[in-house]
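Q: I would like to take a close look at one part of a protein model. Please examine the structure shown here with me.

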Amino acid sequence: LFAFNQDWGAPISWKTILFIAAALALAVAYTFKTIYSLALGLFVAAGWWTVQAVTWGFVDRQGGVKGVSIVVGVLLIALAFYLIGRLYDPHTKWKRFSIVYLIFGLIPITVVLFACSTKPGLMVLQELTGGGSVFGSWEIVLSLGLFAASVAGLLVYALTRKVLSYMEASALLFLGILISAFAFLPEQVVFEKSFRSIYNYYSAVLTNTGVLWAVVFNLLIFFELLGVIFSGYRRKESWLINIGMVGLFMLIAFKYFDWFFTFLDKSLFFIGAGVLLLVIGWFMERNRRRLIADIKAV
C-alpha cells in the first residue's frame with residue numbers, strides 16, 4: 001500500500017494507509033479465522049489511533065493537549081480488547097481469538113502499571129500531566145468518550161451473559177474509572193526537583209504526592225498480577241497462570257534492584273539478589289506446577 005501510494009504521488013496520508021491496513025487485516029482475520037491477521041489488525045488499529053491522537057493533540061493544536069490523555073485512550077482500548085476476549089472465551093469456535101484479545105488487553109495495562117510503579121515511570125507521569133487540557137482537542141475528547149462508553153457497554157453485556165464474576169467485574173470497573181480519571185488530572189508534582197533524565201532517578205526525591213502515586217501503582221500492579229493468576233486458576237487456563245507468575249517474578253526482582261541498590265554494599269547486594277531470585281524462582285515454579293496439576297486433574 002505504501003509503495004502503490006508513492007507511485008501515484010502520495011495522494012493518501014500514511015495514517016490513512018495504516019487505517020486501511022488494519023481494516024483489511026481484521027476483515028481477513030474474521031473471514032478466514034486467522035489469529036495472526038487478527039493480532040496484526042489489533043496492533044495496527046491501536047497504533048493508528050495513537051499516532052492520529054498525537055497529530056490531533058500536538059501537531060494540529062501545537063501541544064495544547066495533555067499527553068496523559070493519549071495513554072488513557074490506549075488503556076481504554078486495551079480494556080475493551082480484554083472484555084471482548086472474555087466474551088469470546090466461552091465459545092469454542094472463538095477460543096483462539098479470545099486468547100489474542102486477552103493478551104492485547106493484559107499486556108498494555110500491565111506494562112503501564114509496572115512502569116508507573118517505578119521512579120522513571122513517575123517522572124514520565126509528571127511530564128504527561130503537565131501542559132494543556134484534555135479538552136484542547138475535540139477529536140480526542142470524542143474518542144475517549146466513545147472508548148469509555150464501549151468499555152461500559154461491554155462490561156454490562158459481559159455481566160448479563162455471566163462470563164464475568166462480580167469480583168472480576170468490580171476490579172475492571174474500578175480500573176476503568178481510575179484510567180478515565182487520569183485524563184482530567186491536573187499537573188502532578190511528583191518530585192521535589194524536576195529531573196529531565198531517567199538516569200538521575202536514584203537521586204530524585206519524591207514529594208508527598210509522588211509517594212502516594214508510588215504506593216497506589218505498586219499496589220495496583222501487585223494485585224493485578226495476583227488477579228491474573230487467580231483468574232487463570234478459576235478458569236482453568238494455564239497460560240494465564242504462567243503470564244501472572246512471570247510478571248510477579250519480574251516485579252519482585254525489579255523492586256529488589258530498585259529499592260536496595262543504593263542501601264547495600266555492592267557485594268552483599270549481588271549475593272542477596274542471587275539468593276532471592278533462586279528462592280523466589282523455586283517457590284513460584286513449585287506453585288505454578290501445583291496449580292497447573294490441579295487444573296489438569298479437574
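How are α3 and α5 oriented to each other, roughly parallel or roughly perpendicular?

A: The chain holds 11 helices and zero strands. Of its 298 residues, 43% are buried. Among contacts in the chain with a separation of 6 or more, 70% join residues 24 or more positions apart.

The two helices in question are α3, which covers residues 35-59, and α5, which covers residues 95-116. Their axes come within 10 Å and cross at roughly 30°. An angle under 35 degrees counts as roughly parallel, and α3 and α5 are therefore roughly parallel to each other. The crossing in which α3 passes α5 is right-handed.

The residues that form this contact can be named on each side. Helix α3 contributes Ile35, Leu38, Ala39, Leu42 and Phe43, while helix α5 contributes Arg96, Phe97, Val100, Tyr101 and Phe104.

Finally, the confidence of the prediction deserves attention. The average pLDDT of the chain is 84, and 82% of the residues score at least 70. Among the elements of the chain, helix α4 (residues 68-88) has the highest mean pLDDT, 95, whereas helix α11 (residues 266-297) has the lowest, 65.

Methods
Residues numbered from 1 in each chain as written. Predicted model: local features only at pLDDT ≥ 70, side-chain atom pairs only at ≥ 80, totals over all residues. Heavy atoms only, no water. Axes fitted to C-alpha atoms, helices over the stretch in contact; angles between N-to-C directions. Helix = DSSP H or I, 4+ residues; strand = E, 2+ residues; numbered from the N terminus. Parallel < 35°, antiparallel > 145°, perpendicular 65-115°, else oblique. Left-handed = near helix turned anticlockwise from the far one by under 90°. Contact = heavy atoms within 4.5 Å. pLDDT = per-residue confidence, 0-100. Buried < 20%, exposed > 50% of the residue type's maximum accessible area, 1.4 Å probe, protein only.
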